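Visitor: Could you take me through one part of this model closely, namely how its helices pack against one another?

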Amino acid sequence: MVGVKDDGRPLFLQIAEQIENAIVDGSLAADTQVPSTNELAAFHRINPATAAKGINQLVADGILYKRRGIGMFVAADARAQLLERRRENFTRQYLTPLMAEADKLGMGAEEIKKLIEAWEHKR
């Protein structure tokens, strides 16, 4: 896991995001145990309560579930939930402003599609 950064966001959100990223990229599969709050706190050199807050946020979101006396585990549908949420965020954060600017420029979806395809060929 990558260390938390001083990027202005609360540390507990950064912890939650790191776990989410591991679920999305497949590093943490469904029903896999996630590191404990104490392990996360030691690794990132943060207060265990901060790590617990990040974990508890994921439990509240249905991404993780608790097995009493054992620890926290990735929910069966966690990856699908996260992908859906990230697609919605992607649309809101990137696609909506892109299309608004395209409208101002008189560009339609087909022209945007051609630009994306040209960009793909250049990569």
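**Helix packing around helix 3**

Guide: In this predicted model, Thr37, Asn38, Leu40 and Ala41 of helix 2 meet Pro48, Ala51, Ala52 and Ile55 of helix 3, where contact means heavy atoms within 4.5 Å, and helices are DSSP runs (H or I, at least four residues) numbered from the N terminus. By class, this contact of helix 2 with helix 3 holds 6 nonpolar, 2 polar and no charged residues; Ala, Val, Leu, Ile, Met, Phe, Trp, Tyr, Cys and Pro count as nonpolar, Asp, Glu, Lys and Arg as charged, and the others, Gly among them, as polar. Residues are numbered from 1 along each chain as its sequence is written. Because the model is predicted, local features need pLDDT of at least 70 and side-chain atom pairs count only at pLDDT 80 or more, while totals for chains, interfaces and linings use all residues, and side-chain values use heavy atoms, with hydrogens and water left out.

Helix 2 (residues 37-44) and helix 3 (residues 48-60) pack at an angle of about 120°, with their axes 8 Å apart; axes are lines fitted to C-alpha atoms over the stretch in contact, and angles run from 0 to 180 degrees between N-to-C directions. That angle makes helix 2 oblique to helix 3, since angles under 35 degrees count as roughly parallel, over 145 as roughly antiparallel, 65 to 115 as roughly perpendicular and the rest as oblique.

Turning to helix 1, its axis and that of helix 3 come within 8 Å and cross at roughly 50°, which makes helix 1 oblique to helix 3. Among the residues that meet there are Ile15 and Ile19 in helix 1 and Ile55 and Leu58 in helix 3.

Technical notes:
Helix = DSSP H or I, 4+ residues; strand = E, 2+ residues; numbered from the N terminus.
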